[in-house]
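Subject: Handover of a structure and notes on what was found

Dear colleague,

Please find below the structure that I am handing over to you. My notes on it follow, and I would be grateful if you read them with the structure open.

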Amino acid sequence: MSSSEFPPFLSPRLSPQTDSYNGDDGSVLKPSPINLDRSLPPTIISPSFTPDTVPSTPVPIPVISTPQPSDGLPDVLPEVECVVRARIPTTSGTEIFLHLYKNNVDEKEHLAIVFGNKIRSKSLDRAREGETEMDRMIRGAYVGRLYPGRQTSREDQTNAEEDTAKDTATLVRIHSECYTGETAWSARCDCGEQLDEAARLMSKENEGIVVYLRQEGRGIGLGEKLKAYNLQDLGADTVTANILLRHPADARSYSLATAILLDLDQTEIRLLTNNPDKIAAVEGKHREIKVRERVPMVPIAWRMNSGGIRSKEVEGYLKTKVRISCL
């Protein structure tokens, strides 16, 4: 890709800094905190305030005003119910709680991957007629941790963790299923990388939610997605391939994600996305959820000299996503 094809938030390539340069009066100056701004193009000078960040940590963007929701958003959110929840120890050492949902819109099993054990599902915790304490523990409606011999779903007060007040909104990623990128090691997209990055950031905070929606291939399904890949090899881009197959450019919906977040008692969130348009879609037509910050996800290959997914296919894919703002 040429430099003109990269998105505007990337910094321009700079020439190496010289040890000295000529001042306005012809004197030789050395770079220093006082005269450093004289040695750099004015367009990339940092403001006096620089956010406190560490390498590989994205800088959140406050959401001052939300774009107006589109007319395509449903007036009423889908009905969702968490059927079961289970603790999953991960290879990185982080524990997550996997929530499986059913709904009244489709027959798919959508998921919420919850980091930390303080976020609760209201529908899961709701008492069900005729169930025993063992029934509740088996479906995951328990507090604390399970252990051999446990008799009640309610945590013993002596083992209960102290609940501290939250001063930040929960970090959330709305992620659409991508078998090829997450399981088949595809270098056609960065979906697997984005899922891993979301997990890394939420592990650092020991809290977060990935709402995993089963809408493969921007909602067209795996079979049609593979046909689209063949069309891409014939010269079409991601969007054009879907249209040639008589599908919308993007058939995804986020109303289920909004309903799941509300079930998890999340009314204010930080949204992990590159697409500002997704804010309105997740907030819902009646602004049931408030997105306080948008946290960008810049591809690793764009911000580091090594690592990340690097291929001509993913370059074309990312270029199309930037062009149509469908990240």
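The largest nonpolar core of this predicted model has 32 residues. Those with the most contacts inside this core are Ile174, Ile209, Val211, Leu261, Leu264, Ile269 and Leu271. Several elements build it: β4 (80–89), β5 (95–103), β6 (110–115), β7, β8, α8 (255–263), β9 and α9 (277–283) each supply at least two residues. Which of them gives the most? Helix α8 does, with five residues. As general background, nonpolar side chains tend to be buried together in soluble globular proteins.

Leaving aside residues up to four places away in sequence, Ile269 touches Ala169, Thr170, Val172, Leu261, Val282, Ile289, Lys290, Val291, Arg292 and Glu293.

For the chain as a whole, the figures are as follows. The protein chain has eleven helices and ten strands. It comprises 327 residues, of which 38% count as buried. Among its contacts with a separation of 6 or more, 61% are between residues 24 or more positions apart. The chain exposes about 19000 Å², and carbon and sulfur atoms supply 54% of that area.

I turn next to the charged side chains. How many salt bridges does the structure hold? There are 18 salt bridges in the structure. One of them joins the side chains of Glu177 and Arg214, at 3.3 Å from N to O. Glu177 lies in the loop between β7 (170–176) and α3 (179–182), while Arg214 lies in the loop between β8 (208–213) and α5 (216–219), so this pair ties together parts that are 37 residues apart in sequence. Arg214 counts as partly exposed, because its relative accessibility is 26%.

A further salt bridge connects Glu205 with Arg270, where the closest N and O atoms are 2.7 Å apart. This pair links distant parts of the chain, since Glu205 belongs to helix α4 (residues 191–205) and Arg270 to strand β9 (residues 268–272), 65 residues apart.

Leu226 is part of helix α6 (residues 222–233). Why does Leu226 count as partly exposed? The reason is its relative accessibility of 40%, which falls between the 20% limit for buried and the 50% limit for exposed.

Yours sincerely,
A colleague

Definitions and conventions. Residues numbered from 1 in each chain as written. Predicted model: local features only at pLDDT ≥ 70, side-chain atom pairs only at ≥ 80, totals over all residues. Heavy atoms only, no water. Helix = DSSP H or I, 4+ residues; strand = E, 2+ residues; numbered from the N terminus. Buried < 20%, exposed > 50% of the residue type's maximum accessible area, 1.4 Å probe, protein only. Contact = heavy atoms within 4.5 Å. Areas by Shrake-Rupley, 256 points an atom, 1.4 Å probe, with all protein chains shown as cover. Salt bridge = Lys/Arg side-chain N within 4 Å of Asp/Glu carboxyl O. Core = buried A, V, L, I, M, F, W, Y, C linked by side-chain atoms within 4.5 Å.
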